[in-house]
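Subject: Handover of a structure and its pockets

Dear colleague,

Please find below the structure that I am handing over to you. My findings follow directly after it.

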Amino acid sequence: MAFTLYNAPQSTCSQRVRFVLNAKHLPFEEVKLALLAGDQLKPDYLALNPNGVVPTLEHNAAVVIDSSVIIEYLDEIAPEPESFTPSDPVERAKMRALMRFIDEMPAAAVRIPTFNLAFLPRFAAMSEDEFLAFAESKPLRKEFMLAMGRKGSTDGNGCGTRPDASHL
Ligand SMILES: N[C@@H](CCC(=O)N[C@@H](CS)C(=O)NCC(=O)O)C(=O)O
């Protein structure tokens, strides 16, 4: 099996996939994208992942996008040495609910400090028009960028909230 993972070292979504590949002892090639430089928005990468975000997995001729989908895919094609998916449908449903929760809450919440700490210095150096054009070029994150603004925000105008997993 030949795997190529397009990812970024600091990206939590990429880390999830690297964790599963390593836990399953699956060797993989890495293509590291420089997110601050905008590698994820280049035409060659958008042809693989039209959302313009990492990670993306190439497995032979197949292209799989979205970290949660990728880790479920890996568990299906490589259930040995260990499967991470419960065989009982109720337990499997709980696993999926937890995965959805992680996507909806902590993954969304971490975008705000990431934006403020990593991206803001670059945006502050842009004119408002340059920032708007840059936001416009992001297929998945345009609204988030506009809500955060060129000067940043502490709450992203409701784009993220404090995660509470106590019910799971
Ligand atoms: N739901 C997607 C989200 C992917 C995502 O947001 N990736 C971030 C890094 S963790 C990214 O590529 N950000 C670059 C950008 O927003 O331009 C997944 O889990 O794969």
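Helices H1 (12-23), H3 (67-77) and H4 (89-104) each supply at least two residues of the lining of the second largest pocket. Helices here are DSSP runs (H or I, at least four residues), numbered from the N terminus. A pocket is an open set of points on a 1 Å grid over the protein atoms alone, where a 1.4 Å probe fits, with protein on both sides within 12 Å along at least five of seven lines; its lining residues have an atom within 4 Å of a point.

This is a predicted model, in which local features need pLDDT of at least 70 and side-chain atom pairs count only at pLDDT 80 or more, while totals for chains, interfaces and linings use all residues. Residues are numbered from 1 along each chain as its sequence is written, and side-chain values use heavy atoms, with hydrogens and water left out.

The second largest pocket has 13 lining residues, and those nearest its centre are Val20, Ile71, Phe84, Met95 and Met99. Its volume, the space filled by probe spheres set on grid points joined across faces, edges and corners, is about 280 Å³. The lining comprises eight nonpolar, two polar and three charged residues. In this classification Ala, Val, Leu, Ile, Met, Phe, Trp, Tyr, Cys and Pro count as nonpolar, Asp, Glu, Lys and Arg as charged, and the others, Gly among them, as polar.

The largest pocket has a volume of about 810 Å³. Of its 31 lining residues, Cys13, Val53, Val54, Arg111 and Arg141 are the closest to its centre. H1, H6 (111-124) and H8 (142-148) each supply at least two residues of this lining, and H6 gives the most, with six. By class, the lining has 16 nonpolar, nine polar and six charged residues.

Where does the ligand sit? The ligand is in the largest pocket, by the criterion that more than half of its atoms lie within 2 Å of the grid points. The residues around the ligand (a heavy atom within 4 Å) include Ser11, Thr12, Gln40, Pro55 and Ser67. This shell divides into four nonpolar, four polar and three charged residues.

Polar contacts are pairs of N or O atoms within 3.5 Å. An N or O atom in the side chain of Asp66 is 2.9 Å from a nitrogen atom of the ligand. For oxygen atoms of the ligand, the distance is 2.4 Å to a side-chain N or O atom of Lys138 and 2.6 Å to a polar side-chain atom of Arg141. The protein buries 86% of the 510 Å² that the ligand exposes when taken alone, with accessible areas from the Shrake-Rupley method with a 1.4 Å probe.

Yours sincerely

How values were computed: A polar contact is a pair of N or O atoms within 3.5 Å; within protein, one must be able to donate a hydrogen and the other to accept it, and residues adjacent in sequence count only if both atoms are side-chain atoms.
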